[in-house]
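Here is a short briefing on pockets in a protein model. Look at the structure first, then read the points below.

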Amino acid sequence: MVHQPSSQPRLSPSGDTEDMTEMSLLLAPRLAYFAGVARTEHVTRAAQEMNVPQSTLSRAMVRLEQDLGVDLFARIGRTVSLTPSGRAFLQHVERALAEIDRAAEEVRADADPATGKVAFGFLHTMGSETVPGLIRAFRADHPRVRFSLVQNYGEAMIERLRAGELDLCLTSPVPDAPDLVARRLDEQKLRLVVPADHPLASRKRVRLAEAADETFVTLEPGYGLRRITDDLCKEAGFRPRVAFEGEEAETLRGLVAAGLGVALLPPPAVARPGVAELTVTAPRAAREIGVAWLDGHPDTPPVAAFKKFLLSRRGNLLPT
């Protein structure tokens with residue numbers, strides 16, 4: 001079989017990404033047709049099995065060979081057999097179609113109202129008690145919904161929301177951005193955590209200004225709690241002298257217990273020995289907790305159900 005030169009793009013090792021994308025768009029609709037003809041080795045039978053006109057199938061195979069620039073079939077009437085190039089191409093096509101089938105099944109499964117998946121991000125400080133309690137309560141009515149859980153700091157989760165890697169995230173401060181929807185759910189008081197043998201340890205309450213000369217241990221810049229700490233100290237009239245920066249609140253609490261500084265932290269899930277936790281009377285030390293999602297992003301049924309559940313917990317999100 002001899003083909004006339006075609007103006008259609010050819011697969012080429014030297015082709016750039018744009019050429020490869022164009023070629024993929026041309027080939028994709030014809031790959032299932034090709035696999036059907038290759039399986040039956042008969043155009044009429046393949047057309048009947050795939051419920052398409054025989055003429056449509058024949059034209060698709062001719063165009064596929066033209067686009068590739070190779071003969072895939074040897075033809076004798078309506079009976080066809082694969083050429084060596086056709087057999088090699090079929091192996092790749094079958095793998096590609098199988099992968100597409102798996103992908104389709106996966107996205108259908110993730111969107112299933114009863115057994116679908118929610119990609120949910122949350123702060124590290126929410127992980128030991130708050131989030132497990134929320135998921136347990138939600139699964140009382142949705143026992144088979146699955147979760148992909150991501151713990152991170154606020155800005156990193158917002159980036160993953162925008163990248164489509166998360167459906168929802170529980171974060172602080174509550175973000176304010178035009179491409180996001182955010183709802184305040186609760187407020188969490190922060191405490192000044194000091195070593196058990198610290199002069200302030202016998203107190204129950206303290207003004208933050210009384211810690212102006214202390215060494216602080218804080219989360220790294222970029223974390224919401226670090227920004228809140230800096231802002232509260234500024235409001236109290238000083239800039240904190242930071243000796244250690246970390247990525248996780250309980251690690252900071254351990255540094256305080258070791259006598260390496262003081263910290264502003266949310267309450268722990270379990271009381272830690274070696275520290276005293278003081279109520280801050282001035283300025284008002286608290287952080288808002290909210291849920292955020294990408295504006296205009298359609299929700300699957302399980303995501304919509306979990307979003308509705310979280311919004312119903314407004315004012316009652318955190319363990320008491």
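Helix 8 contributes the most to the lining of the largest pocket, giving 3 residues. This is a predicted model. The largest pocket has a volume of about 440 Å³. The second largest pocket has a volume of about 200 Å³.

**A word on the approach**

**The largest pocket**

- The volume here is about 440 Å³, and 20 residues line this pocket.
- Closest to the centre of the largest pocket are Glu129, Gln188, Pro267, Pro268 and Ala269.
- Two elements give two or more residues to the lining of the largest pocket: strand 6 (180-189) and helix 8 (249-257).
- Sorted by class, the lining of the largest pocket holds 8 nonpolar, 6 polar and 6 charged residues.

**The second largest pocket**

- The volume of the second largest pocket is about 200 Å³, and 13 residues form its lining.
- Glu155, Ile158, Pro173, Pro175 and Arg227 are the lining residues closest to the centre of the second largest pocket.
- Helix 6 (154-162) and helix 7 (224-235) each supply at least two residues of this lining.
- Helix 6 provides the largest share of the lining of the second largest pocket, with 4 residues.
- By class, the lining of the second largest pocket has 5 nonpolar, 4 polar and 4 charged residues.

Definitions and conventions: Residues are numbered from 1 along each chain as its sequence is written. This is a predicted model: local features need pLDDT of at least 70, side-chain atom pairs count only at pLDDT 80 or more; totals for chains, interfaces and linings use all residues. Side-chain values use heavy atoms; hydrogens and water are left out. On a 1 Å grid over the protein atoms alone, a cavity is a set of points where a 1.4 Å probe fits but cannot get out, and a pocket is an open set with protein on both sides within 12 Å along at least five of seven lines; lining residues have an atom within 4 Å of a point. Grid points are joined across faces, edges and corners, and a volume is the space filled by probe spheres set on the points. Ala, Val, Leu, Ile, Met, Phe, Trp, Tyr, Cys and Pro count as nonpolar, Asp, Glu, Lys and Arg as charged, and the others, Gly among them, as polar.
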